[in-house]
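Please read them with the structure open.

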Amino acid sequence: MKSKAPSAPYLLWMAIFTIVPLGLVVYFALTTADGTFTIDNISRVGEYSGVLMHSIWLAAIATFICLVIAYPLAFYISRKPENKQRTLLMLCIIPMWMNFLLRTYAWMTLLEKNGLINRFFALFGMGPFNMINTKGAVVLGMVYNYLPFMILPLYSIMVKIDGRVIEAAQDLGANTYGVFSKVVLPLSMPGIRSGITMVFVPAISTFIISRMLGGGGNIMIGDLIDLQFLGNAYNPNLGAAISLVLMVLILLCMSITNQFDEEMEGMMI
Amino acid sequence: MKRLSKVYFWLVMAFLYMPIFVLIFFSFNESKSRSNFTGFTFDWYRKLFSNRVILDSLKTTLIIAAVSTIIAVIIGTAAAIGINAMNKWLRGVVMNVTYLPVINPEIVTGVSLMLLFVFLRDKIGIPIDFGYPTLILAHITFNVPYVILNVLPKLRQMDRFVYEAALDLGCTPFRAFWKVTLPEIMPGVMSGLLMSFTYSLDDFIISYFNAGPTAQTLPITIYSMTRRKVSPEINALSTIIFAVVILVLVIYNIVDSSKGKKVIGKVVPRL
């Protein structure tokens, strides 16, 4: 039990399949196709700053909407008796077990020109609205796919808030808003932070949602990377540079919403 | 207020489930329309089960999930035992690297592994083909951290004196591990195994970059089906997947509640 030896295969594995590949991303980002050093790739990423900003913007909106929807929901679940909490949480999680391609495909069929939603509006003589291939559709797809990622960390923090603390605040004369802003919000801050990371990271790097629901006009960082590696614009060096920029972006986001490690581990137990 | 929050909860549930139910509903539709229900049929299910591409990719998915899960569980459990014996500083370093594939965007993990395989093949000359080998290596890589993260807490909770007592009573270290440590950490190993297996089955992005032209996993097949748009077979497939998910969860909960334990915290989404 006191031996570190059993971890040797993993350490080797980690070196080859985690550290070396990330090193290769950096190496490819800083070289040309024949291997000479260059910073052209990195500076070329600047040409796509529009796509970058678009991705950050859409992911930020989706994260915010997820937070607004999930916060009261998680609080509601966390105040239920324990056996009921379990069932309600399960209900939130089940859709996540469907492959996300199928979930996104479902919205494709709902939003299209003669899809169900437009047929519904037609009953009232409205529409048809142009919903698919818009920014709104991409954000909707993100919110739909990643909402449980926000509910879970919020819930796991809120469930630890002692109900008596809330009652104490009420006894001491706090109104609903006071209880929220002075007690519940500060205590649930770690959950908010990890929820934001858990939604923002996959949202900003997606290329499926933007491709299926956004049409050609809503390219995101993920689409760019995909184009450089498996698409027509084959250029792994540029692709690596974009990946590097994406990683730095996310590291920045993480350093703002730190404490993530402890949260993740806490939830695994 | 109470009533209002209840209504709110069910509204959000409607939002989460409605698209899935629509998908299921139209899997029984006679025509190819996705908004007009013309008549009831099982045709799309029949077509699905005679679709060679889908059946082949299902087989590929299961093989890759099984092989990569078994290897990940072995490497990951051993790693957790070793990490548990490390001093605080070293453990911190190793755990930080372990979190990398968990917190890194999947697309970056996928692309970086693809670069590694290309590099190994073209620059070092190791004959590695895109297909089963690269998929299995990639899946092991993203599964091992989940095994470690599930086993490590169990090791920390464990009373190490029991293991030492076994040694004092004449067990060899291996026997003591087998008889004392392993049964104690088994719940962690099992949830690591389940998580790995489901993530393997479900993974699209990392597989997409490392599959090559020959091996298709089920999510990759689903992706190419959605690109071709109209095919109600995809609805039938969704229905079956949803039914399997519900079935597995129900069984898992019955088995688990009979032991009186909570599982909910373990169902943590992957980033």
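**Notes on the model**

1. In this predicted model, 67 residues of chain B are in contact with 78 residues of chain A; contact means that the C-beta atoms of two residues, placed from the backbone, lie within 7 Å. On the side of chain B that touches chain A, helix H1 (residues 2-26) of chain B gives the most, with 11 residues. That side of chain B has 52 nonpolar residues, 12 polar and three charged. Here Ala, Val, Leu, Ile, Met, Phe, Trp, Tyr, Cys and Pro count as nonpolar, Asp, Glu, Lys and Arg as charged, and the others, Gly among them, as polar.

2. Numbering and thresholds. Residues are numbered from 1 along each chain as its sequence is written, and chains are lettered from A and ligands numbered from 1 in the order in which they are written. As the model is predicted, local features need pLDDT of at least 70 and side-chain atom pairs count only at pLDDT 80 or more, while totals for chains, interfaces and linings use all residues.

3. Chain A has 13 helices and zero strands (DSSP runs, numbered from the N terminus: H or I of at least four residues for helices, E of at least two for strands). The C-alpha trace of chain A spans about 70 × 70 × 30 Å along its principal axes.

4. UniProt, in an unreviewed entry, places "transmembrane region" at several spans of chain A, including residues 88-108 and 199-221; such annotations may be inferred rather than shown by experiment. In the model, residues 88-108 of chain A are 71% helix and 0% strand, with end C-alpha atoms 27 Å apart. For residues 199-221 of chain A, the values are 65% helix, 0% strand and 16 Å.
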